[in-house]
Amino acid sequence: MELAGVNVGRISDTGSVGKNTSSSSPKLTNNSNKANTILKEIYSLDQKIANLKKVGNKDEIKKLQRQRNKLANKLDTPDDISKNYNLTEAKDYERKIDNTKYFSHEKGDFGEEVSKIVAKKNELGEDISEIFQVGRNGIDGTFLSKGPPPKLTMIESKASDSALFSYSEKQKLGGKEYFEGMLNSNDSRYSEFKKQYKKLKKENPGLELDFIRVETDIKITKKGFGVEELKIKDWNKQLD
């Protein structure tokens, strides 16, 4: 078992039972007793999971993997830029669960609500998200700051109740490539995106782009949804 400050290969093994996922698995950068303690707990869970796989106890495996994911999510990673943001209000956010909606959609909506709180509290600018959204497709959040220089911050929001955040192959390329893919797409859903983006650049000379990921690990509270862990990560680069 390797501990903090060393690449821990097994941390990336956060798949669900019986299927592969497209979650990112960045290398870890930790140099603290707390990190070592977490890594030891993860190693212990790995042993239990391995033993359970031999007897095929899928329900218990799923339970332990969820615990493992949540522990791993507490560790720092090189793309974690949370320290640059005020997250206090977003971490305290809670609301009731709307049981008339699909649970997966509710989780996604909650994550986007958390993202908007992050954007507002950190003065990322005017919320113009609807420009690059079509239903549940497009960019999750877009915020325009007049600067100077003017900046367009685009957010990919991920929410999970098991700390397992999955990204598509296109999203893994990085925010810039993902956005440009939509601009140049033949998909009719994104047909207005290029025109809207050209308009923004014309109205805001020298417009800069920034891309971040907001990962919300959800917990169930007496009220409904709450935030167990919240991470802001750089999305200007490819995901490992």
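**A walk through the model**

Modeller: The side chain of Asn 122 reaches the backbone oxygen of Val 118 at 2.8 Å. Keep in mind that this is a predicted model.

Biologist: Okay. Where does Asn 122 sit?
Modeller: In the loop between helix H4 (103–121) and strand E1 (126–127).

Biologist: Is Asn 122 buried or exposed?
Modeller: Asn 122 has 19% relative accessibility, so it counts as buried. The cut-off for buried is under 20%.

Biologist: What is Asn 122 in contact with, leaving aside neighbours within four places in sequence?
Modeller: Tyr 85 and Asn 86.

Biologist: Let's follow the chain into E1. What is the strand order in the open sheet?
Modeller: It runs E1-E4-E5-E6-E7. That makes five strands, with mixed pairing.

Biologist: Which ones are the edge strands?
Modeller: E1 and strand E7 (225–234). Each of them pairs on one side only.

Biologist: And how many bridges join E1 and E4?
Modeller: Two, and the pairing of E1 with strand E4 (residues 141–145) is antiparallel. Within E4, Leu 144 stands opposite Glu 126.

Biologist: E7 is an edge strand. How many of its residues are buried?
Modeller: Nine of the 10 residues of E7 are buried, so the rest of the structure largely encloses this strand.

Biologist: Change of topic: pockets. What volume does the largest pocket have?
Modeller: About 750 Å³.

Biologist: Which residues lie nearest its centre?
Modeller: Arg 136, Asp 140, Glu 156, Lys 158 and Gln 171. The whole lining of the largest pocket has 32 residues.

Biologist: Which elements give two or more residues to that lining?
Modeller: H4, strand E3 (137–138), strand E5 (151–160) and helix H5 (175–183).

Biologist: H4 again! Asn 122 is in the loop between H4 and E1. How do the lining residues divide into nonpolar, polar and charged?
Modeller: The lining of the largest pocket has eight nonpolar, 13 polar and 11 charged residues.

Biologist: Great, thanks.

How values were computed:
Residues numbered from 1 in each chain as written. Predicted model: local features only at pLDDT ≥ 70, side-chain atom pairs only at ≥ 80, totals over all residues. Heavy atoms only, no water. Helix = DSSP H or I, 4+ residues; strand = E, 2+ residues; numbered from the N terminus. Buried < 20%, exposed > 50% of the residue type's maximum accessible area, 1.4 Å probe, protein only. Polar contact = N/O pair within 3.5 Å; in protein donor to acceptor, adjacent residues only side chain to side chain. Contact = heavy atoms within 4.5 Å. Pairing = 2+ DSSP bridges. 1 Å grid on protein atoms, 1.4 Å probe; cavity = no way out; pocket = protein on both sides within 12 Å on 5 of 7 lines; lining within 4 Å. Points joined across faces, edges and corners; volume = space filled by probe spheres on them. Nonpolar A, V, L, I, M, F, W, Y, C, P; charged D, E, K, R; others polar.
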